[in-house]
Amino acid sequence: MIRPPRPVPYDAANAAMHVLAERRLIDEVPDTLILLEHPPVFTAGRRAKPEELLWSEDEVTARGGLVRRIDRGGSFTFHGPGQAVGYPILHLGSAPDAAGYLRRLEEAVIATCAELGAAAERREDVQTGVWAGEDKICAIGVRLARTRVTLHGFALNCDPDLTWFDGIVPCGLTDHGVTSLSRLLGRRVPVEEVAPLLERHLARVFGMALVPAPADVRAMFGLAADVA
């Protein structure tokens, strides 16, 4: 388990995630859950279309954000402060069930929302992820390295600045919006409140016992040996 106390730049986390996935493939490290926040960044998956970025890259930069094209599935999404971003690096075995993995991610997020008092659901008629009515509260986009080890993950909107989503067509959906736990519950719901619940529900659905990651893995995120 890795949960840095401060936002981690996207490029650093993305590089570390890929290194960990390669190491997990050869059993150098155990299954690992990374749960963090990022400074503002738009990420574009393999199905993203250029026209789905509604602001120019210069405007994104002027607002303090980045644009990154990456190797997960899906379209454009946003990561930023106030959002719980989870990157499970899990070995799914010799007969991986990718669809089942996505359903378990959704289950953990839905249970987390329910524990906080927010009604959320999966909408397989629309798209993978977690929804509150017509608005998405959690985007999910993954990749399987060599069809075995999971990369990327989910982004649960706890208390982000939702105006950032005005700069993209979120998840490529023109007729759906985005929401957050804070908006649904009518109060500020910080990541610090949500993270322990997410950890517990992710551990349950994946049958994991969460312990601090090995020291060399924590060091990749600038964490000391005694920090989870």
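On a 1 Å grid over the protein atoms alone, a cavity is a set of points where a 1.4 Å probe fits but cannot get out, and lining residues have an atom within 4 Å of a point. What you're looking at is a predicted model, where local features need pLDDT of at least 70, side-chain atom pairs count only at pLDDT 80 or more, and totals for linings use all residues. Residues are numbered from 1 along each chain as its sequence is written, and side-chain values use heavy atoms, leaving out hydrogens and water.

There are two cavities of 30 Å³ or more. A volume here is the space filled by probe spheres set on the points, which are joined across faces, edges and corners.

| Cavity | Volume |
|---|---|
| Largest cavity | about 60 Å³ |
| Second largest cavity | about 40 Å³ |

Thirteen residues line the largest cavity, and Thr77, Ala139, Asn157, Phe165 and Val178 lie nearest its centre. Around the second largest cavity you'll find Trp131, Lys136, Pro170, Cys171, Leu173, His176, Gly177 and Val178.

His176 sits in the loop between β9 (149-157) and β10 (177-178), where strands are DSSP runs (E, at least two residues) numbered from the N terminus. His176 counts as buried because its relative accessible area is 17%, and buried means under 20% (1.4 Å probe, protein chains only).

Leaving aside neighbours within four places in sequence, His176 is in contact with Arg123, Val126, Trp131 and Glu134; contact means heavy atoms within 4.5 Å. With Glu134, the side chains also make a polar contact at 3.1 Å, that is, a pair of N or O atoms within 3.5 Å, one able to donate a hydrogen and the other to accept it.

Terms used
Helix = DSSP H or I, 4+ residues; strand = E, 2+ residues; numbered from the N terminus. Buried < 20%, exposed > 50% of the residue type's maximum accessible area, 1.4 Å probe, protein only. 1 Å grid on protein atoms, 1.4 Å probe; cavity = no way out; pocket = protein on both sides within 12 Å on 5 of 7 lines; lining within 4 Å.
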